Amino acid sequence: MKQIKILAGLILVALVSVSPPVFSQVKKEEIVQAIDQTANCIVNVILDEHGKSRCDYNLTEGKWYPYEVPWHTGQAINALLAGYKIRGNQNWLAAAKRAGDYWTGLQIKDHPKLKGILGATHGDFIGDDVIVFATISDGTPGIYELSRVTKDKKYAKTATEAAAWMLKNMYNAEKGVCYDNVDLKTGEVQKEYSPFWKDKKVGEQTLFDVSRPNTEGSLFKDAYEFSGNAAFKDAFINLCNSLLKLQDENGIWSDFMPNFKDVHSFHPRFNLWYAESLIEAYKLTKDKKYLEAAAKTARTHAKAQQKDGTMYYDNYTDGKAPDKGSVTGSEVALSGIVWMELSKYGYKEFDGNIEKSAYWLVHNRFAEDHPDKNLRGQVIETRTRSKGKVWLVNRDIGTSFALRFLSDYYKFKSFQN
């Protein structure tokens with residue numbers, strides 16, 4: 001594994017550009033160009049003819065591989081709509097609708113136990129028979145936004161029906177958690193075993209191995225605002241309060257995978273999704289305790305950002321240097337999205353980090369004339385793993401999260417004026 005990381009590091013030295021020592025505001029025309037190029041990349045490269053995300057592009061093989069397709073597709077939808085609201089490109093809206101039709105088409109209608117939820121399986125090492133809560137929930141912001149933009153309620157209706165199934169079957173109000181997984185064949189919620197922990201048998205896994213206070217995507221909040229059903233609101237606030245109780249001194253949720261408490265590592269986006277939801281809880285309640293909790297998370301990610309703006313997949317809270325084997329553009333972008341939201345509420349401490357993210361995302365994309373058409377316009381999002389050989393991919397979500405950031409940044413800097 002050490003040799004893999006060294007090899008990946010050498011490859012990435014050639015990919016990542018060197019930024020200047022001082023980060024000034026990037027120009028409006030640079031942001032507009034980056035919005036156009038990342039959006040067109042999603043439309044022309046990342047989404048297939050059915051509207052599905054292609055996910056992982058293997059850099060050594062020149063081939064695409066699926067990875068949690070519904071989740072990745074949801075990110076692409078959300079990003080295209082953010083860009084569409086800035087630029088008004090109808091092709092982007094059409095692509096978002098095609099992807100939304102694929103996503104809503106996953107709804108299960110004929111299973112005796114699963115009617116209403118989506119057959120949104122994770123794939124990859126988890127397998128194609130396991131529906132994952134977050135695969136659905138964190139894909140829904142773009143689905144609700146699609147209904148808002150198009151005035152077509154079918155998208156939000158499908159997401160809300162899925163939310164209702166999950167609220168009834170996967171939400172544990174007393175413990176303040178949601179179970180992670182459902183067996184696609186039997187319809188059983190897996191309350192004692194999670195395939196994410198293959199080294200732990202049934203009976204060895206704890207509640208926190210099979211569940212988490214899952215607010216990713218703020219699904220229950222959106223479902224409440226669409227349906228008016230107060231049960232969704234109550235669940236969302238209860239889960240956010242659970243987040244407050246379980247957040248550690250570094251502002252992360254170290255008891256839950258994909259953080260790993262034993263080695264003090266934290267995932268590049270997981271904690272940011274919770275921070276996003278806490279900001280949404282503030283918008284709903286006006287209680288500043290949620291903002292401050294989100295700011296704790298944001299501060300840890302600000303520390304993880306390198307001087308040139310780069311961020312990596314594996315980060316640590318104990319002072320250990322990050323693993324530089326995987327450059328993670330999505331973290332640069334999602335951190336920036338959270339930093340901008342907090343800055344609007346007075347947390348100006350993050351403004352320098354926002355500018356680093358803006359500069360990095362403008363300058364760390366594959367060239368428009370790159371020899372490999374599959375990479376043109378993509379933001380650098382390398383993921384290095386071992387599958388009997390070096391498994392080095394550029395993951396599509398770097399581009400999707402970048403488009404969201406660039407669109408938010410355009411508004412944040414008042415370029416529209």
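Me: In this predicted model, how do the axes of helix α6 and helix α9 lie relative to each other?

Reply: The axis of helix α6 (residues 140-150) comes within 9 Å of the axis of helix α9 (residues 219-227), and the two cross at roughly 20°.

Me: What makes α6 and α9 roughly parallel to each other?

Reply: Their crossing angle is roughly 20°. Angles under 35 degrees count as roughly parallel, and α6 and α9 are therefore described in that way. The crossing in which α6 passes α9 is left-handed.

Me: Which residues make the contact between α6 and α9?

Reply: On the side of α6, the contact is made by Thr 140, Pro 141, Tyr 144 and Arg 148. On the side of α9, Leu 219, Asp 222, Ala 223 and Phe 226 take part.

Me: Which residues of α4 and α6 meet?

Reply: Leu 93, Ala 96, Lys 97, Gly 100 and Trp 103 of α4 meet Thr 140, Ile 143, Leu 146, Val 149 and Thr 150 of α6.

Me: How do you know that the span of α2 is close to the one expected?

Reply: Helix α2 has 19 residues, and 25 Å separates its first C-alpha from its last. At 1.5 Å a residue, 27 Å is expected, and the span in the model is close to that value.

Me: What covers the buried residues of α2?

Reply: The cover includes β2 (63-65), α3 (69-87), α4 (90-104), α14 (351-363) and α15 (397-412). Among the buried residues of α2 are Ile 31, Val 32, Gln 37, Cys 41 and Ile 46.

Me: Which residues touch the most other members of the largest nonpolar core?

Reply: Leu 80, Phe 220, Leu 342 and Phe 405 do, in a core of 122 residues. Helix α2 gives the most to this core, with 10 residues. A second, separate core has 6 residues, including Val 130, Phe 196, Trp 197 and Met 257.

Me: With which residues is Phe 405 in contact, leaving aside its neighbours within four places in sequence?

Reply: Phe 405 is in contact with Ala 333, Gly 336, Ile 337, Met 340, Ile 354, Ser 357, Ala 358 and Leu 361.

Me: Why does Cys 55 count as buried?

Reply: A residue is buried when its relative accessible area is under 20%. The value for Cys 55 is 0%, and Cys 55 therefore counts as buried. Cys 55 lies in the loop between α2 and β1 (56-58).

Me: Why is His 264 called partly exposed?

Reply: Partly exposed covers the range between the buried limit of 20% and the exposed limit of 50%. The relative accessible area of His 264 is 38%, so His 264 is partly exposed. His 264 is found in the loop between α10 and β9, and it too is a residue other than glycine with a positive phi, about 65°.

Me: Which kind of peptide bond joins Met 257 and Pro 258?

Reply: The bond is cis, with an omega of about 15°. Most peptide bonds are trans. Pro 258 is found in the loop between α10 and β9 (265-266).

Me: How far apart are Gly 62 and Asn 374 in sequence and in space?

Reply: They are 312 residues apart in sequence and 8.2 Å apart in space, from C-alpha to C-alpha. Gly 62 is in the loop between β1 and β2.

Technical notes
Residues are numbered from 1 along each chain as its sequence is written. This is a predicted model: local features need pLDDT of at least 70, side-chain atom pairs count only at pLDDT 80 or more; totals for chains, interfaces and linings use all residues. Side-chain values use heavy atoms; hydrogens and water are left out. A nonpolar core is a set of buried Ala, Val, Leu, Ile, Met, Phe, Trp, Tyr and Cys residues joined through side-chain atoms within 4.5 Å. Buried means under 20% relative accessible area, exposed over 50%, partly exposed in between (1.4 Å probe, protein chains only). Helices (H or I, at least four residues) and strands (E, at least two) are DSSP runs, numbered from the N terminus. Contact means heavy atoms within 4.5 Å. The expected span of a helix is 1.5 Å times one less than its number of residues. Axes are lines fitted to C-alpha atoms, for helices over the stretch in contact, and angles run from 0 to 180 degrees between N-to-C directions. Angles under 35 degrees count as roughly parallel, over 145 as roughly antiparallel, 65 to 115 as roughly perpendicular and the rest as oblique. A crossing is left-handed if the near helix is turned anticlockwise from the far one by less than a right angle, and right-handed if clockwise.
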